[in-house]
Amino acid sequence: MSKKIARLSFPKFVDLYADKSVGSDFFITEEKQLLELSEYPYRSDGYIIGICTRGTAEVEVNLQVYEVKPDAMLLATPFHVLRIYNSSEDFLCRFVVFSKAFLTENNVNSHFLESFSYFKNSSTPVIYPDHEHAKAVMDIYALIQQKLQREEHAYRAEISRSLLTILLYEVAGIYEQQHVIIKSKQTRKQEMNVQFQNMVFHHYKEHRNVQYYADALYVSPKHLTETIKEVTGKTAGEWIDDAVVLEAKVLLRNHEISIAQVAEDIHFPDQSTFGKYFKKHTGFSPTEYRIKANS
């Protein structure tokens, strides 16, 4: 697979991975290796429910790193920036990918997807259900796969949409159980870190100063920086810079966007200021990174 893909559009996603699909808005895979996605960050146009079936890997979601092992589930949205790396040779996973438009077609509630807590920006994107719950998800995958085989069926899309809804509710039950476990183990400082991380990925384009986030969390910049450093090993300012640089890297890999447009999208006053900032944090100018990432 070409390393040029920084954003996996649905047509590209279908071409690369789909075994059976409904148009280019919904598809499911057999077990697949995703090693090709490991070197550079990317963002998907679709919502992803993935489950590891064999092996191990690490997945980075919005700069947070999670261990992936059998039965681990990835719950990703178009908001998430993903990177998969350190995969074992036998690493395999299955996944369902769908668009919001596919799910809500013929549904009076256009915000139906937002009712699932695991697809909110503040959710935990990787969970670790027990094998029984993971098998329940795999059983629904198998049913979807079976129904998609019937390409001649007049209501194939409607049946697929109904099964996808069943899958979403099955995952919701698993996620809510897991989330209770995760929340019960968090200290106050860890809770602050989660709040801070969520805010950063909402506002890093407009606000790159620690003061803004400290004010929003009703603490001093010093307290916020010390807390985040204690919990994560990096300061609040470093997390903000990392989020800005990550977005810049994703955008720079798209040659249809000029460097000046990248600078504008991330709210820098001009291309020169952006270039100096990017080189300070990466060691490369935007042009040098674009050449390196797409070579």
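Author: Happy to! A salt bridge is a side-chain nitrogen of Lys or Arg within 4 Å of a carboxyl oxygen of Asp or Glu. Side chains of opposite charge can pair when their charged atoms come close. The structure holds 8 such salt bridges. Keep in mind that this is a predicted model, where local features need pLDDT of at least 70 and side-chain atom pairs count only at pLDDT 80 or more, while totals for chains, interfaces and linings use all residues. Residues are numbered from 1 along each chain as its sequence is written, and side-chain values use heavy atoms, leaving out hydrogens and water.

Let's start with K205. K205 pairs with E247, and their closest N and O atoms are 4.0 Å apart. K205 sits in the loop between α5 (188–203) and α6 (210–216), whereas E247 belongs to helix α8 (residues 236–252), so this bridge ties together parts 42 residues apart in sequence. Helices here are DSSP runs of H or I, at least four residues, numbered from the N terminus. E247 has 5% relative accessibility and counts as buried (under 20% relative accessible area; exposed is over 50%, partly exposed in between, with a 1.4 Å probe and protein chains only).

K205 also forms a salt bridge with D265, at 3.0 Å from N to O. That pair links distant parts of the chain, since D265 lies in helix α9 (residues 259–265), 60 residues apart from K205. D265 is partly exposed, at 31% relative accessibility.

Terms used. Helices (H or I, at least four residues) and strands (E, at least two) are DSSP runs, numbered from the N terminus.
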